[in-house]
Structure formats: structure tokens, C-alpha cells
Amino acid sequence: MVTVHQTQHFNAAHKLYNPNWSDERNAEIFGPCANENWHGHNFELITSVTGEVNPETGFLIDPVELSELVNSEVIEKVDHKNLNLDVPFMTGQLGSCENLIVAFWKLLQPRISEISPLARLSRLRLYETPRNFVDYYGD
């Protein structure tokens, strides 16, 4: 069993704000992340794919195809966007890293086996800052 990891970068703005709460409650829970005028991050997304190596190619998954998939399904949809306003798959959700990474999984997971029938998406890691990140392993 082999795991391949690939990193992509994107920039995005968001605001953590629950519209069912008062401004004071949002400030108490989310602090400066509830800023009325948004704030941004330089995100890093690490996609991990696990499976058996194809004996004909020596690859688990073609790295160029994996990069193209992640870029077309995720990065192009979020890069230099406001996650709360510009990203349809985030509509109605708080723009937290936890919600974002689950949405990314739903976009990528069904497509991985199209590239390599021997591979499966095994983990997504999303860095919001160098010290704060989330991992998701699927349902």
C-alpha cells in the first residue's frame, strides 16, 4: 500500500459569523474572524491518495492528472474568492476550515478512481495558517 501526497495553494477571504447570533455573541465565539469586512488566508491543501502501485506505470496515480483534478474541482473555484459569497458549494454554511474540507472531499472523492482505479482518496489536510490545520478522512 502506497500513499501519494500533493500540495496546492490558494488565497481566499471569509468571515466566521452565525447570522442567528448577535454581533456580540459572534465576536465572543469567533473573535477577529467575525470581522464585518472579512479577512483572508493563504491556504495550503494537501491531497493524499492511497492504493496499489500500477505495475505497468510504476504510479499509484499520475501526479499531473491528480494536480489537474484538484485544480479544476477545487482550487479554481476558491482561489481569490470570498468563501461566504463567491463559492456556491459553501452557500448556507459557515466558512470554517472544517466545513470547507468536507466540501472539498465531496468534490474530489468520486473523481479519484476515474484517474486511477487502484487509488482512493485517503486524507485531505487544509492549512489555514502555518499553525492551524484540519484533516479529513471521509465519512
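**Charged pairs and core**

Analyst: Arg25 is partly exposed, at a relative accessible area of 35%. The model is a predicted one.

User: Which residue does Arg25 meet in a salt bridge?

Analyst: Side chains of opposite charge can pair when their charged atoms come close. Here the N to O distance is 3.3 Å, and the two residues lie three residues apart in helix α1 (residues 23-30), about one turn of the helix. The partner of Arg25 is Glu28.

User: Is Glu28 buried or exposed?

Analyst: A residue counts as exposed when its relative accessible area is over 50%. The value for Glu28 is 56%, so Glu28 is exposed.

User: How far apart are the closest N and O atoms of Glu73 and Lys77?

Analyst: Glu73 and Lys77 sit four residues apart in helix α2, so about one helical turn separates them. Glu73 is buried at 16% relative accessible area, whereas Lys77 is partly exposed at 33%. The pair forms a salt bridge, and its closest N and O atoms are apart by 3.6 Å.

User: Which residues are linked with Glu73 and Lys77 in a network of salt bridges?

Analyst: By the rule used, the model has five salt bridges. Some of them form a network that takes in Glu73 and Lys77.

User: Which strands hold Arg125 and Asp135?

Analyst: Arg125 and Asp135 form a salt bridge, with the closest N and O atoms 2.6 Å apart. The two residues are in separate strands, so their pair ties together parts that are ten residues apart in sequence. Arg125 is buried at 18% relative accessibility, and Asp135 is partly exposed at 28%. The strands are β4 for Arg125 and β5 for Asp135.

User: Which element gives the most residues to the largest nonpolar core?

Analyst: The largest nonpolar core has 32 residues. With ten residues, the element that gives the most is α3.

User: Which residues have the most contacts inside this core?

Analyst: In soluble globular proteins, nonpolar side chains tend to be buried together. Leu126 touches Phe10, Leu45 and Phe104, among others, leaving out residues up to four places away in sequence. The residues with the most contacts inside the core are Phe10, Leu45, Phe104 and Leu126.

Technical notes: Residues numbered from 1 in each chain as written. Predicted model: local features only at pLDDT ≥ 70, side-chain atom pairs only at ≥ 80, totals over all residues. Heavy atoms only, no water. Core = buried A, V, L, I, M, F, W, Y, C linked by side-chain atoms within 4.5 Å. Buried < 20%, exposed > 50% of the residue type's maximum accessible area, 1.4 Å probe, protein only. Contact = heavy atoms within 4.5 Å. Salt bridge = Lys/Arg side-chain N within 4 Å of Asp/Glu carboxyl O.
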